[in-house]
Amino acid sequence: MSAERTLVVPPERTVGHFLPDMPMVYATPMMVLEMEMASGDAIRGCLEKGWITVGTEVDIRHLAATPVGATVRTTARVIAVERRVIRFEVEAFEGERRIGEGRHARGLVNLANFNKRMGVK
C-alpha cells in the first residue's frame, strides 16, 4: 500500500514563519507532517470502522532546502505490519530532487477506547 501527496510550499510552512531571522524555506516539521499524512492516506481505506492510526515513530532526514512556491511531492509506502504497528518508508521530492527520506510508524488505535481513556466525551 502506498500514497502520495502534493503541496506547493506556502510561507506559513517555512522555518522563517516560525522563527524570525531564519530563511523562508520549507520547515522540517512541516515535511514530517506531510510524510505522516501520506502514511495515513496509504492505509485509511483498509481500516475498520472506529479505528484510526496515530504517529508513533519518525526517523527522517531533511536533505535539501526548498523555497516558497516550490511543489513538493511526498510518498509513503508500507514496508511492514507488526501487530498494531504499521511501518512506512517515506520520501519527499522537489521535482526529481529528493529533499527528505526516512521511516515512519503508525499505531492502530480504537477511537472509542482512546477517547474513553483520555476522558473525551
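At the start of helix H3 in this predicted model, a side-chain oxygen of Asn110 comes to within 3.2 Å of the backbone nitrogen of Ala112. Helix H3, which spans residues 111–118, is hardly covered, the count of buried residues among its 8 residues being 0. Just after H3, Gly119 adopts a positive phi of about 80°.

The protein chain as a whole contains 3 helices and 5 strands, arranged along the sequence in the pattern β-α-α-β-β-β-β-α. Its C-alpha atoms fill a box of roughly 45 × 30 × 20 Å when taken along the principal axes. Of the 121 residues of the protein chain, 36% count as buried, and the chain exposes about 7300 Å², of which carbon and sulfur atoms supply 55%. Among contacts in the protein chain with a separation of 6 or more, residues 24 or more positions apart account for 64%.

In soluble globular proteins, nonpolar side chains tend to be buried together. The largest nonpolar core here comprises 21 residues, of which Tyr26, Met31, Ile43, Val72, Phe88, Ala92 and Ile99 touch the most other members. At least two residues of this core are supplied by each of strand S1 (2–8), H2, strand S3 (71–82) and strand S4 (85–94), and the largest share, 6 residues, comes from H2. With neighbours within four places in sequence left aside, Val72 is in contact with Arg5, Thr6, Leu7, Val9, Tyr26, Thr66, Ala92, Phe93 and Ile99.

His104 counts as buried because its relative accessible area, 3%, is under the 20% cut-off. The side chain of His104 reaches the backbone oxygen of Glu57 at 2.7 Å, and a further polar contact, of 3.1 Å, joins the side chains of His104 and Arg106. Apart from neighbours within four places in sequence, the residues in contact with His104 are Glu36, Ser39, Gly55, Thr56, Glu57, Val58, Ile86, Arg87, Phe88 and Val90; Phe88 is also one of the core residues that touch the most other members.

On the surface, Phe18, Leu19 and Met22 form a nonpolar patch, with about 300 Å² of accessible area together. Met22 lies in the loop between helix H1 (15–18) and helix H2 (28–44).

Note on methods: Residues numbered from 1 in each chain as written. Predicted model: local features only at pLDDT ≥ 70, side-chain atom pairs only at ≥ 80, totals over all residues. Heavy atoms only, no water. Buried < 20%, exposed > 50% of the residue type's maximum accessible area, 1.4 Å probe, protein only. Polar contact = N/O pair within 3.5 Å; in protein donor to acceptor, adjacent residues only side chain to side chain. Contact = heavy atoms within 4.5 Å. Helix = DSSP H or I, 4+ residues; strand = E, 2+ residues; numbered from the N terminus. Patch = residues over 30% accessible without salt bridge, like charges linked within 9 Å, V, L, I, M, F, W, Y side chains within 5 Å. Areas by Shrake-Rupley, 256 points an atom, 1.4 Å probe, with all protein chains shown as cover. Salt bridge = Lys/Arg side-chain N within 4 Å of Asp/Glu carboxyl O. Core = buried A, V, L, I, M, F, W, Y, C linked by side-chain atoms within 4.5 Å.
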